[in-house]
Structure formats: C-alpha cells, structure tokens
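Let's take a look at how a protein holds on to its ligands. Have the sequence and the structure open while you read.

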Amino acid sequence: MTMAGSSHAPVLEANALRLRFGAVEVLKDVSISVAPGAIHAIIGPNGAGKSSLLNCLSGFYRPQAGSVTFDGRDITGLRPHLRAAAGIARTFQGIQTYPSMTARENILTGFHNRMRTGMFDALVYWGRTRAEEEAFAAEAEAIIEFLELEELRHAVVGDLSYGLRKRVDLGRAIALNPKILIMDEPMAGMNPEEKGDLARFILDIRDAKKIPVVLVEHDMEVVMDISDTVTVIDFGEVIAVGAPAEVRANEAVIAAYLGAG
Ligand SMILES: Nc1ncnc2c1ncn2[C@@H]1O[C@H](COP(=O)(O)OP(=O)(O)OP(=O)(O)O)[C@@H](O)[C@H]1O
Ligand SMILES: [Mg+2]
C-alpha cells in the first residue's frame, strides 16, 4: 500500500461519456470504473458502442461530454500517444501486426511509444542511446520468453497463424510496460486452443505486472472464466455491471444480448 486508500482507487474511470457522430448517438451516458488488478470485460451486441468506448479510453475518440481519469489524473483531453506514454496499452480488433517483419521486430515497435514525452514526433530520428536500445532488446527477449515465442522470434509474422499473430501483437502492447492493458476482441477468429492460450497469457500478464486488463469479448465462456467484473453495453448505455455470474443472470442482459439459450 502506498498512499492511504490509493490501492483500492480505480486505475481507469470514464464518467458519463457522451459521443455522437452526426445524428448517431454512439455513447449516451457511459461510465466504467476499472479496479486495480481486475480483468474487466465489456460485452454487448454488435454496434452497441464497445469499441467506441475503448477509443474514448485510449484517446482515439474525443467524447462530447464526460471525462476519463487515469491514475487519479484527468486525461480527457490527452492525445493517444501521450496516453500510451502514460501507460495505457491497447490492442485493436483484427490484425495489427506488420506482416513482413519478424515477431521480434514487431515486439520492438512497442517500445517506440515508451519515450520521454515530446519525443513522439521525431519519427525520423528516435534519439535513442545505445544503452537504451540494449535495454529494450533485453526486455523484448523477456517478453518473447513470457509469451513462449522463442522458436518464432525470427519468423516473419505474415507466415504465422492468426492466433500467433495476435500473440505477437500482445507482445507489442506489453512492450509499453503498461499500467493497464485494453484489448478489443482479442479472441475473435481464434480456435478453442488459441483462445485458451490467450486467456492464460492475459491472466499471467495481470498477475505478473499487477495491472488491470479491459477486454471487449463476445465469447461468453471466456468472459465468464477470466473476468472479475463485466460491464454490459446496449445501444450506447450501460445496462448492467457486476460479477460474471450476476451479469449472466440479469434479465435485461439476457433480453438484450445473451438470449434465453
Ligand atoms: N468513426 C466513426 N464514425 C461514425 N460512426 C461511428 C464511428 N465509430 C463508430 N461509429 C458507430 O458507432 C456505433 C457503435 O460502433 P462500435 O464500433 O463502437 O460498436 P461495437 O460495440 O464495438 O460493435 P462490434 O461488436 O460489432 O465490434 C455504430 O453504429 C458505428 O457505426
Ligand atoms: Mg467493436
């Protein structure tokens, strides 16, 4: 425990977010509170606003109203790269790896966000010292081992299976040494074995780094297995929040999303 009460304070909070694109109200009044070390799932029907919410958390979308607080600090107006530098790591829906680069090279790109504030725009010259590069190389190696990618370190990512490419992308995200990891449908398109592997890595990351993980996920078995808290969004509104078993039994959630089956 550090400061009084700080160990229980939410790591990331969104308060009363409103987001619209033209006439479309995507988020009507969305709040979410992510506790330290929690696996926090966000579920809901297609088009409910889940990815848009993640985009507000990571700074890619700017809500018209409401606020986002990270680590006790208001970050509502902060641009995405500065949120990344502050420790908010993100993986996206679909594949985001560089296909012609190796697994190791892809992971190394994750260190680029970890720079001193203000360096981001120096795209041509990263201004790294040799010592820094060596430290990152060693850390990349640790990530490769952690994610059991040793055999594939020099494999070209475009040749890997979908599940392995997603694992490499996860390596890229944790190279940020994040204080929170945000993942959009990490298991979509994976076979059951790949899902099991990724679920294990997500839990391992939470345990090893003591950070919360926010994930949008449609696979209810995975959600029920690994999450501590579930927030359910429907038509841009939170219709339920709670422990997985609670949420699964919630009538409104069954009606909007889960169905009777
Ligand atoms: N940049 C944008 N411009 C216009 N409309 C957008 C934009 N981003 C999202 N939307 C709209 O916001 C609504 C919610 O989309 P969002 O991608 O957040 O849903 P989702 O819950 O992630 O759905 P899915 O489960 O299919 O991924 C949709 O109607 C979508 O068309
Ligand atoms: Mg989405």
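Is Gln-93 buried, partly exposed or exposed? With a relative accessibility of 40%, Gln-93 is partly exposed, because that label covers everything between under 20% (buried) and over 50% (exposed). Keep in mind that this is a predicted model.

## The magnesium site

The magnesium ion, ligand 2, is coordinated by OE1 of Gln-93 and OG of Ser-51, at 2.0 to 2.5 Å. These two residues sit 42 residues apart and link distant parts of the chain. Ser-51 belongs to helix H1, while Gln-93 is in the loop between strand E6 (88–91) and helix H3 (103–109).

What about Ser-51 and its surface? Its relative accessible area is 22%, so Ser-51 also counts as partly exposed.

Now for ligand 1, which has 14 residues around it. The ones that come nearest are Gly-47, Lys-50, Ser-51, Ser-52 and Tyr-61.

Sorted by class, the shell has seven polar, five nonpolar and two charged residues.

## Polar contacts and cover

Let's zoom in on some oxygen atoms of ligand 1. One is 2.8 Å from a polar backbone atom of Gly-47. For His-218, a polar side-chain atom lies 3.1 Å from a ligand 1 oxygen. With Glu-185, the distance from an N or O atom in the side chain to an oxygen of the ligand is 3.4 Å.

On its own, ligand 1 has 630 Å² of accessible area, and the protein covers 64% of that.

Conventions: Residues numbered from 1 in each chain as written. Chains lettered and ligands numbered in written order. Predicted model: local features only at pLDDT ≥ 70, side-chain atom pairs only at ≥ 80, totals over all residues. Heavy atoms only, no water. Near = heavy atom within 4 Å. Polar contact = N/O pair within 3.5 Å; in protein donor to acceptor, adjacent residues only side chain to side chain. Areas by Shrake-Rupley, 256 points an atom, 1.4 Å probe, with all protein chains shown as cover. Nonpolar A, V, L, I, M, F, W, Y, C, P; charged D, E, K, R; others polar. Donors = N, O, S within 2.8 Å, 3.2 Å for Na, K, Ca; no water. Helix = DSSP H or I, 4+ residues; strand = E, 2+ residues; numbered from the N terminus. Buried < 20%, exposed > 50% of the residue type's maximum accessible area, 1.4 Å probe, protein only.
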